[in-house]
Amino acid sequence: MDAGVDMLRGKTIIVTGANSGIGKATAAELLRRQGRVIMACRDRERAEKAALEIQQEAGPEQGELVIKLLDLASLKSVRIFCEDIIKKESRIDILINNAGIYQCPYTKSENGFEMQFAVNHLGHFLLTNLLLDLLKRSAPSRIIMVSSKLYKYGEINFDDLNSEQSYDKAFAYGRSKLANLLFTLELSHRLEESGVTVNALTPGIVRTNLGRHVHIPLLVKPLFNLASQAFFKSPEEGAQTSIYLACSPDVEGIQGKCFANCHEEQLLAKATDEEVAKKLWDISEVMVGITT
């Protein structure tokens with residue numbers, strides 16, 4: 001094993017959505033670096049199949065891989081998952097909020113929230129808040145939020161966060177990814193001096209099954225597949241910034257930033273609006289039922 005790669009021995013990492021795409025590639029690399037990786041996934045069968053592939057990929061001297069069920073569309077599932085983690089885990093060193101749902105038709109979560117906002121923002125918001133005490137006790141620890149460059153097309157409309165007045169699946173996705181960045185910003189202020197850092201990243205366009213709800217005409221499909229091989233990143237390439245933020249000593253103590261291709265990225269003003277970030281936090285607390 002190359003020098004410095006065993007830097008995660010003794011560390012426990014949670015990766016949401018670790019059964020496919022970037023999450024799966026991230027989990028494989030962190031396992032290879034001898035971390036104890038908890039795959040937080042919605043579907044046990046798919047997770048078990050992915051786990052076998054991840055273990056094959058991670059090579060001989062790997063860490064430990066654990067599967068735990070988590071459905072981010074269900075606040076109840078998030079609470080059960082966190083209770084289990086707090087009871088059984090003595091520490092959490094790294095939390096990677098990676099899972100995402102992309103441009104699905106309009107549906108509501110079991111709690112009545114628009115599905116992309118529910119999974120991409122609210123589920124991770126509750127998950128992170130419920131695990132904060134354990135992350136603080138495990139300091140120095142890291143929280144990593146996987147956002148998307150498509151945040152640029154999102155707006156936080158406080159009058160219609162649930163997209164009930166109008167729904168555009170692309171805008172709704174952009175909104176949820178903008179919410180990730182605003183959550184990172186507000187959380188970074190709350191974590192000052194705690195020994196816990198939070199940073200976000202935008203992975204670029206990656207060939208994953210995130211786009212399963214996007215309709216590509218049959219005739220164009222072969223061309224699209226060809227183009228995606230040429231221009232889109234592989235999941236392994238897409239995972240590089242997540243891995244960098246999880247492992248690199250370069251980002252120790254760095255707080256509230258966003259990275260792309262392992263470098264800090266300048267964000268649009270709407271993603272760094274302190275007032276909107278604070279208001280979104282307060283409303284998110286109400287939506288997920290956190291009382292502070």
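Colleague: How many cavities of 30 Å³ or more does the count come to?

Modeller: Rolling a probe the size of a water molecule over the atoms shows where empty space is left. Here the count comes to one cavity of 30 Å³ or more. A cavity is a set of points, on a 1 Å grid over the protein atoms alone, where a 1.4 Å probe fits but cannot get out. This is a predicted model, where local features need pLDDT of at least 70, side-chain atom pairs count only at pLDDT 80 or more, and totals for chains, interfaces and linings use all residues. Residues are numbered from 1 along each chain as its sequence is written, and side-chain values use heavy atoms, with hydrogens and water left out.

Colleague: What volume does the largest cavity have, and which residues line it?

Modeller: About 40 Å³, the space filled by probe spheres set on the points. Lining residues have an atom within 4 Å of a point. They are Arg142, Ile143, Ile144, Thr197, Asn199, Leu245 and Val251. Strand β5 (141-146) gives the largest share, three residues.

Colleague: Which residues of α9 are buried?

Modeller: Buried means under 20% relative accessible area, exposed over 50% (1.4 Å probe, protein chains only). In α9, Ala277, Leu280, Trp281, Ser284, Glu285, Met287 and Val288 are buried. They cover an arc of only 160° around the axis, so they sit on the same side of α9. The arc is that of the directions from the helix axis to the C-beta atoms. Glu275 and Val286 are exposed, on the face turned away from the buried side. Cover for the buried residues includes α3, α4 (115-137) and α5 (169-190).

Colleague: Is Ser74 buried or exposed?

Modeller: Ser74 counts as buried, because its relative accessibility is 6%. Its place is in the loop between β3 (64-69) and α3 (75-88).

Definitions and conventions. On a 1 Å grid over the protein atoms alone, a cavity is a set of points where a 1.4 Å probe fits but cannot get out, and a pocket is an open set with protein on both sides within 12 Å along at least five of seven lines; lining residues have an atom within 4 Å of a point. Helices (H or I, at least four residues) and strands (E, at least two) are DSSP runs, numbered from the N terminus. Contact means heavy atoms within 4.5 Å.
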